[in-house]
Number of protein chains: 2
Amino acid sequence: MSFTEFPSRLLEDAVNEFASLPGIGRKTAFRLVMNLLRRDSEEVRRFGESIIKLHDEIHYCKICNNISDTEICNICSDDKREKSVICVVENIQDVMAIENTRQYKGQYHVLGGIISPIDGIGPSDLKIDNLEEKVKEGNIKEIIFALSTTMEGDTTNYYLFRRLNKYNVTLTTLARGVAIGDELEYTDEITLGRAINNRNPYQQ
Amino acid sequence: MSFTEFPSRLLEDAVNEFASLPGIGRKTAFRLVMNLLRRDSEEVRRFGESIIKLHDEIHYCKICNNISDTEICNICSDDKREKSVICVVENIQDVMAIENTRQYKGQYHVLGGIISPIDGIGPSDLKIDNLEEKVKEGNIKEIIFALSTTMEGDTTNYYLFRRLNKYNVTLTTLARGVAIGDELEYTDEITLGRAINNRNPYQQ
């Protein structure tokens, strides 16, 4: 089916909206809309409203730029968390990934992107100024760079290092090495090389 | 990522709504919602409203049960189409599929399902009464059964045949045979058997 003609403009509008999402083709979009059509009116209204609310009511935390229902996010407003360590990440998915490990109890700072000349994203497009402000205030002991191990990530790390190195703060990055479960044979040589250079004392 | 914890309830709600769609897992749902978050407010509002409108404003044609923006659908209200032939289909996707062939210029009747004891769908769950009414009025010359070639389709065909056979109307079904582009070697034996029995004069 190529759907040259829809029996209803409302149906066509909804299909077009779903088809605008990444990875959703027109056939899938049509199938999703047909599924919505079979549901209760109340359920469909809730679906539509959840999308509208998402944009109208959501906040970005004034301190860390993480997504939040309130002006200050749950992490920044949690008194039990270490205030003097900030983990710098690209986006909120990364915050969620690190939170899911339950290993980190400090603060975050969401850059909202990564320096990428190819995509036209420079330092001024990222939330770097207010990170520097926080460091300038003098209460931060450590900044952890937790960016992707790509060229863009390395570039951003280097830029942040140059901006923040003049302050009295420890700058660290995530440990690089062989991922747990990976076979040495299939580990790329750069990762393996770094893993040898940064070897740790053996722990029983 | 297992997304045990979301930084925002609004975000979680939207992800849950998308994940309720068929074939959309939680990871995909999250990716779709993140895509919406990056869009303009206006665009997202339009997306949400298209879903709400879909349910609140859409009509089902009073004559044929096809989906429509008006009380009577475009096909039923088109004076150029043959009024005395009705093609009986399971759902609106089938109307669209047949319309896309541009080969049919009659009316439709959408049953809204197919008789399927396994799914608890009986004749009373389908729009059969008003099909019979139309036939009873005496202006219909031909009814085409255009249902799937499955057990459920055959059952429904047989039921419709029993209900409508007493009226002065020709009952036909779609031609069954080897699909265009199919190799004989891989055609199932029932289809191939029917294709031999219902062979047509060779046309150059």
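Colleague: Which residue with a positive phi follows α4(B)?
Modeller: The model is predicted: local features need pLDDT of at least 70, side-chain atom pairs count only at pLDDT 80 or more, and totals for chains, interfaces and linings use all residues. Residues are numbered from 1 along each chain as its sequence is written, while chains are lettered from A and ligands numbered from 1 in the order in which they are written. Helices (H or I, at least four residues) and strands (E, at least two) are DSSP runs, numbered from the N terminus. After α4(B), phi is positive, near 55°, at Arg102(B).

Colleague: Is Arg102(B) buried or exposed?
Modeller: Arg102(B) sits in the loop between α4 and β4 of chain B. A residue is buried if 20 or more other C-beta atoms, placed from the backbone, lie within 10 Å of its own C-beta, exposed if 12 or fewer, and partly exposed in between. Arg102(B) has 9 C-beta neighbours inside 10 Å, so it counts as exposed.

Colleague: Where in chain B is Asn65(B), another residue with positive phi?
Modeller: Most residues other than glycine have a negative phi. Phi of Asn65(B) is near 70°. Asn65(B) is buried, because 22 other C-beta atoms lie within 10 Å. Its place is the loop between β1 (59-60) and β2 of chain B.

Colleague: Why do the buried residues of α4(B) lie on the same side of the helix?
Modeller: The buried residues of α4(B) are Ile92(B), Val95(B), Met96(B) and Glu99(B). They lie on the same side of α4(B) because, by the directions from the helix axis to the C-beta atoms, they cover an arc of only 95°.

Colleague: Which strands of chain B are among those covering the buried residues of α4(B)?
Modeller: Contact here means C-beta atoms, placed from the backbone, within 7 Å. The cover of these buried residues includes three strands of chain B: β2, β3 (85-89) and β4 (107-110).

Colleague: Which helix of chain B gives the largest share of the side that touches chain A?
Modeller: The contact takes 48 residues from chain B and 48 residues from chain A. On chain B, the elements giving two or more residues are α1 (9-19), α2 (26-37), α3 (41-57), β2 (67-68) and α4 (92-101). The largest share is 14 residues, and it comes from α3(B).

Colleague: How many nonpolar residues are on the side of chain B that touches chain A?
Modeller: Ala, Val, Leu, Ile, Met, Phe, Trp, Tyr, Cys and Pro count as nonpolar, Asp, Glu, Lys and Arg as charged, and the others, Gly among them, as polar. That side of chain B has 12 polar and 12 charged residues. Its nonpolar count is 24.

Colleague: How is α3(A) oriented against α3(B), roughly parallel or roughly antiparallel?
Modeller: The axes are lines fitted to C-alpha atoms over the stretch in contact, with angles from 0 to 180 degrees between N-to-C directions. Those of α3(A), residues 41-57, and α3(B) come within 8 Å and cross at roughly 175°. Angles under 35 degrees count as roughly parallel, over 145 as roughly antiparallel, 65 to 115 as roughly perpendicular and the rest as oblique. The crossing angle therefore makes the pair roughly antiparallel.

Colleague: What kind of rotation axis relates the two copies?
Modeller: Copies are superposed by least squares on the C-alpha atoms of residues with pLDDT of at least 70 in both. Chain B is laid on chain A by a turn of 180° and a shift of 0.0 Å along the axis, with an RMSD of 0.1 Å. The relation is therefore that of a rotation axis that is two-fold.

Colleague: Which residue of chain B comes closest to the rotation axis?
Modeller: The copies meet through the same surface, because 100% of the interface residues of chain B are also interface residues in chain A. The C-alpha closest to the axis, at 2.1 Å, belongs to Gly48(B).

Colleague: Which residues does His109(A) contact, leaving aside neighbours within four places in sequence?
Modeller: His109(A) lies in strand β4 (residues 107-110) of chain A. It counts as buried because it has 27 C-beta neighbours inside 10 Å. Its contacts beyond four places are Cys64(A), Asn65(A), Ile86(A), Val88(A) and Leu131(A).

Colleague: Which two residues does Asp94(A) contact beyond four places in sequence?
Modeller: Asp94(A) is in helix α4 (residues 92-101) of chain A. With 19 C-beta neighbours inside 10 Å, it counts as partly exposed. Its contacts beyond four places are Val89(A) and Ala146(A).
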